[in-house]
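These are my notebook entries on one structure. I set down what I looked up, entry by entry.

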Amino acid sequence: MSWLIDPFADFAFMQRALLGCLAIALGATPVGVFLLLRRMSLTGDAMAHAILPGAAVGYLVAGLNLGAMTIGGVAAGLVVAVLTGAVARFTSLREDASLAAFYLISLALGVLLVSLKGSNVDLMHVLFGTVLALDDAALTLLCAITTVTLVSLALVYRPLVLECADPRFLRSVSRWSGPVHFLFLGLVVLNLVAGFQALGTLMAVGIMILPAAAARFWATSIGGMLAVAATVAAVSSVAGLLASYHAGLPSGPAIILSAGTFYLLSLVFGPSGSLAARFWPRAHLET
Amino acid sequence: MALRVRDLTLGYDRHPAVHHLDLDLANGSLTAIVGPNGAGKSTFLKGVMGELPPLEGRIERGAARVAYLPQLSEVDRSFPLSVQAFVAMGLWHRTGAFGGLSRADLARVGEALAAVGLTGFERRPISALSGGQVQRVMFARLLLQDADLILLDEPFTALDAKTAADLLAVVQRWHGEGRTVLAVLHDIEAVRRHFPETLLLAREKVAHGPTDTVLTAENLFRARQMSEAFDDDANVCVRPAEQPAKQGAA
């Protein structure tokens with residue numbers, strides 16, 4: 001058992017990494033579950049790219065500075081989210097096309113800005129994160145974002161579920177449809193920014209979507225999915241960090257690959273809608 | 001007056017789907033909207049719900065609370081919700097966005113399910129329901145909405161006779177409770193039997209009033225004749241609003 005516990009007991013940087021990853025796991029996975037249920041899984045990916053120019057501007061202004069890059073990332077993400085939503089609501093362009101247009105513009109801008117200044121090492125930090133070098137400020141930020149996310153989701157749970165399941169009905173009984181949609185996109189952006197501190201912009205989406213996708217094969221209720229997804233994300237974080245420690249692997253990809261393993265196992269063996277249920281069905285019932 | 005419509009034009013890309021419509025619906029009336037495909041029936045209901053802004057004219061809703069069953073519901077039936085949770089959404093006016101469901105609320109959900117013949121379906125996921133059962137669930141939710149004005153867009157289409165009869169009984173119960181109901185229907189015989197009032201619509205109002213005076217052979221023929229033409233180069237409509245409508249606006 002020592003290989004399981006010692007790395008975390010002996011090294012402060014591993015404890016910090018664990019805390020950071022668990023915070024992300026708790027905050028990002030419920031957001032991922034709702035992304036999945038709204039068939040917006042790829043929106044997370046697009047948003048992650050959209051954040052890049054903001055982080056790059058922060059980086060250009062202040063160097064590898066957490067605060068500046070966070071503010072820049074959140075600002076860029078929110079601008080893209082609001083523009084996308086506004087175009088989808090007020091023109092005939094659908095949300096997916098509108099988002100694709102804005103995130104591509106945003107991404108090109110980001111790559112341009114990053115390449116203007118900065119070494120490849122810094123760029124690697126932005127792209128792949130620094131989970132083993134989280135300082136106090138970063139940890140505080142991650143935990144704060146998780147808290148804000150969980151409290152917000154708890155507050156708007158009913159309108160959010162309704163906006164996913166029957167948006168037209170929500171519009172017929174209240175004015176929540178627009179606000180809850182934008183609030184949700186805001187949470188997506190916040191959690192991606194949290195994720196890129198630790199896992200990098202490209203990997204941050206993984207911890208959001210993979211556990212949610214795995215959970216779909218185990219649970220048939222939203223509550224069940226949220227619980228399974230958070231558990232998968234937390235266990236993946238521990239497994240990824242341990243693999244990273246013992247085998248000298250980069251930690252971000254190790255964590256996401258752990259989550260990916262859970263997803264593949266769920267895909268094959270999960271009780272609900274999986275390959276096993278499809279190809280080896282259990283005996284049917286009387287009624 | 002549950003609904004007052006004056007010189008209403010609704011449309012898409014400037015082409016009218018409902019053209020210069022005047023309509024008064026008395027409180028507690030039970031009205032069928034009848035007309036050929038493309039006559040603007042669904043568009044009119046969308047307009048009443050505020051989903052589509054009028055190109056011209058006004059809609060005044062006298063009813064405090066309006067419930068709406070669209071023809072193409074956007075319900076994501078793969079969404080992991082139980083029948084109970086889904087129907088409980090109809091209690092939004094009691095719970096709002098944040099309020100919890102009390103024991104009494106859950107009892108109300110049970111009663112609504114019983115009224116549409118789905119007792120015991122509470123824990124069933126909505127993904128496991130048949131088309132007819134989904135429509136029963138939609139009616140249970142409408143029941144809980146406790147609305148003064150209820151708009152139904154082809155509520156009985158694609159239902160078997162038993163389900164249609166059960167849900168028609170729910171509509172008649174609403175009528176008995178003094179609620180105003182406006183339903184788009186295609187089954188002329190059912191309209192004659194069960195709906196006291198009818199609006200015959202063919203982009204413009206053909207007739208509105210007691211069903212037997214509206215559904216005459218002549219009126220139905222006129223409704224069919226009204227063209228569904230859609231001319232890209234149509235001229236701008238300059239028809240002046242009818243005189244009574246102008247007085248109503250003054």
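Which residue takes a positive phi in the hairpin of β8(B) and β9(B)? I found that B:Arg203 does, with phi near 70°, in a hairpin that has 1 residue between the strands.

**Basis.** I note that this is a predicted model, in which local features need pLDDT of at least 70 and side-chain atom pairs count only at pLDDT 80 or more, while totals for chains, interfaces and linings use all residues. Residues are numbered from 1 along each chain as its sequence is written, chains are lettered from A and ligands numbered from 1 in the order in which they are written, and side-chain values use heavy atoms, with hydrogens and water left out.

**Confidence.** I looked up pLDDT, the predictor's confidence in each residue, from 0 to 100. Chain A has a mean of 88, with 96% of its residues at 70 or more. Within chain A, helix α6 (residues 120–128) is lowest at a mean of 66, and α12(A) is highest at 95. Chain B has a mean of 89, and 93% of its residues reach 70 or more. In chain B, residues 243–250 stay under 50, and the model gives them 6 contacts beyond four places in sequence; contact means heavy atoms within 4.5 Å. For the model I recorded ipTM 0.83 and pTM 0.86.

I returned to strands β8 (residues 197–202) and β9 (residues 204–210) of chain B, which pair in the antiparallel sense over 6 bridges. Strands are DSSP runs (E, at least two residues), helices likewise (H or I, at least four), numbered from the N terminus; two strands pair if DSSP finds at least two bridges between them. B:Thr198 has B:Gly209 in β9(B) as its bridge partner.

**The interface.** How many residues of each chain are in contact with the other? I read 24 in chain A and 27 in chain B. The two chains bury about 2,200 Å² between them, 58% of it on carbon and sulfur atoms; this is the accessible area (1.4 Å probe) that two parts lose on being put together, summed over both. In chain A, A:Arg158, A:Arg168 and A:Phe169 lose the most area to chain B, together 34% of what that side buries.

**Salt bridges.** I applied the rule of a side-chain nitrogen of Lys or Arg within 4 Å of a carboxyl oxygen of Asp or Glu. Across the interface of chain A and chain B it finds 3 salt bridges. A:Arg39 and B:Asp76 meet in a salt bridge, at 2.9 Å from N to O. Over all chains the search gives 17. B:Asp24 and B:Arg6 form a salt bridge, their closest N and O atoms 3.1 Å apart. That pair links strand β2 (residues 15–25) of chain B, which holds B:Asp24, to strand β1 (residues 3–12), which holds B:Arg6, 18 residues apart.
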